[in-house]
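Welcome! Take a moment to look over the model, and then let us walk through some of its parts together.

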Amino acid sequence: MVSPVLPLKVRGVSVRRGARHLLGPIDLTIEGTGLTMVLGPNGSGKTTLLKVMHGLERPSEGKISYGLARAEAERRQAYVFQTPIVLRRSVQQNLAYPLELIGRPRDEIRRRAGEWAERIGLGGALSSPATRLSGGEKQKLALARALIRKPELLFLDEPCANLDGRSTRAIEEMLLEARAAGTRIVMATHDIAQARRLATDAILLINGAVHETGEAPGFFDAPVTSETKSFLKGDIIL
Amino acid sequence: MSDIFDGLAAAFWLLVTLEPNLVEISLRSLQVSLTALAVACAIALPLGTWLAVQRFRYRRVTIATLNALMGLPPVVVGLIVYILFSRSGPFGVLGLLFTPTAMIIAQVVIITPLIASITHQAMRDLWAEYHDLLISLKTTKVQRVRTLIWDGRRTLLTAALAGFGRAIGEVGAIMIVGGNIDHATRVLTTAIALETGKGDFALALGLGFVLIALALMVSLITHWLSQTEREGRW
């Protein structure tokens with residue numbers, strides 16, 4: 001079922017910081033179900049685009065709109081950062097935090113935090129300080145904390161960067177489960193293999209502009225532009 | 001040297017016999033300073049944290065002023081509180097001058113900027129760490145301040161401890177507004193000043209050692225309380 005948060009419309013959005021032009025102008029629409037992969041080399045504007053769509057950064061020009069009023073739409077979203085941010089609290093308290101913010105009953109919070117801790121393999125570490133977890137465990141915790149409120153729209157900024165194969169697989173399985181449960185996902189990566197495994201559609205950003213978009217099989221197997229072909233082959237794009 | 005040994009002996013004797021006057025003065029010192037600390041923390045911790053998360057036009061000036069107020073001369077604070085609460089002052093009708101309440105008010109004025117400033121510095125770093133997450137979770141300003149205060153509580157205990165140290169060791173302001181009245185407003189520091197003036201260095205030193213012991217005791221309790229993480233558990 002398509003979330004009422006969608007469509008997410010990005011219209012004429014540009015981002016500048018002082019004299020630096022970071023992004024845009026960009027026009028795109030996120031709708032339907034699935035996982036949109038935002039691809040591009042470092043500095044292409046992937047993170048900025050995700051932050052602007054989520055409302056973490058304001059565009060210098062242009063407009064972002066959702067299927068619902070902004071406040072309601074933002075409440076139904078979540079964001080996972082490239083470097084996981086964990087609160088200086090226990091694993092359980094980290095998982096409980098988003099639910100506490102919206103005033104869920106204590107019993108429900110405890111139950112759901114416990115369930116999610118089990119799902120990410122941290123059931124035995126509920127009381128452990130989250131700051132002492134490994135990088136992979138922190139990222140799984142951050143993703144579980146994002147998913148615990150059942151977001152309808154989830155943004156992920158290279159969640160598997162610096163993670164080993166096992167942690168990457170665990171994260172990908174969680175994402176596939178979330179996608180199957182109806183969460184619309186927009187994820188940035190420069191890992192082509194991961195993009196092929198997960199994406200239902202893809203966007204290639206180069207120098208802050210949308211270079212090519214398309215449904216996953218066509219985008220990866222028959223790209224239109226030579227730059228996309230080069231990028232997907234693993235060549236360096238300047 | 002003999003004064004120090006006499007002082008140690010006097011302190012030991014005062015403590016062993018639990019001399020009623022000493023107990024009364026010590027308890028009043030603790031009562032005044034801990035009450036002032038509680039009131040100052042209630043103001044300074046949210047204020048310092050709010051300054052870390054909130055952006056407004058005169059923020060830098062406010063922070064600079066707060067930092068400057070850390071060095072507020074206690075005697076001047078005492079003088080101002082005295083004027084405000086004297087019979088002819090705007091709050092004279094309350095009749096608080098030469099009472100422990102006036103001493104608490106003076107101490108609150110002295111230690112609030114100190115605690116707020118240390119809090120702001122600590123919370124600024126924590127806010128930088130949490131900023132993106134708390135914005136992403138669409139937290140309200142109140143929720144942000146609450147989260148930062150809770151998660152930064154160990155650092156904030158240090159800020160409170162610094163405030164307590166300044167309060168319990170303060171003499172100038174509370175001498176002016178309290179008057180060092182026996183069985184009413186006499187505390188350890190004013191008693192030390194009195195005994196020194198009378199030339200009874202042994203008793204003054206004895207009281208001084210008691211004061212140091214009290215400050216150390218509170219510091220150790222605070223240190224123990226601040227160990228929120230024990231044996232890998234939270």
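## A strand on the inside

Let us begin with strand S8 (residues 201–206) of chain A: 5 of its 6 residues are buried, so S8(A) is largely enclosed by the rest of the structure. Here a residue is buried if 20 or more other C-beta atoms lie within 10 Å of its own, exposed if 12 or fewer, and partly exposed in between, with C-beta atoms placed from the backbone. Strands (E, at least two residues) and helices (H or I, at least four) are DSSP runs, numbered from the N terminus.

Which strands pair with S8(A)? Strand S3 (residues 35–39) of chain A runs parallel to S8(A) and is joined to it by 4 bridges, with Thr36(A) standing opposite Asp201(A). Strand S9 (residues 209–215) of chain A runs antiparallel to S8(A), with 6 bridges between them. Two strands pair if DSSP finds at least two bridges between them. Ile206(A) has Ala209(A) in S9(A) as its bridge partner. The hairpin of S8(A) and S9(A) has 2 residues between the strands, and Asn207(A) takes a positive phi near 50° there.

## About the model

This is a predicted model, in which local features need pLDDT of at least 70 and side-chain atom pairs count only at pLDDT 80 or more, while totals for chains, interfaces and linings use all residues. Residues are numbered from 1 along each chain as its sequence is written, and chains are lettered from A and ligands numbered from 1 in the order in which they are written.

## Chain A as a whole

Chain A holds 9 helices and 9 strands. Its C-alpha atoms fill a box of roughly 55 × 40 × 40 Å along the principal axes. Of its 238 residues, 45% count as buried.

Axes are lines fitted to C-alpha atoms, for helices over the stretch in contact, and angles run from 0 to 180 degrees between N-to-C directions.

Strand S1 (residues 8–17) of chain A pairs with S2(A) in the antiparallel sense over 7 bridges. Arg16(A) stands opposite His21(A) in S2(A).

## Two helices side by side

How do helix H5 (residues 135–147) and helix H6 (residues 165–180) of chain A cross? Their axes come within 9 Å and cross at roughly 10°. H5(A) and H6(A) are therefore roughly parallel to each other, a term for angles under 35 degrees.

Among the residues that meet are Leu143(A) and Leu147(A) in H5(A), and Ile171(A) and Met174(A) in H6(A). Two residues are in contact if their C-beta atoms, placed from the backbone, lie within 7 Å.

## Where chain A touches chain B

The contact takes 16 residues from chain A and 14 residues from chain B. On the side of chain A, the elements that give two or more residues are helix H2 (70–75) and helix H3 (91–101).

Key:
Parallel < 35°, antiparallel > 145°, perpendicular 65-115°, else oblique.
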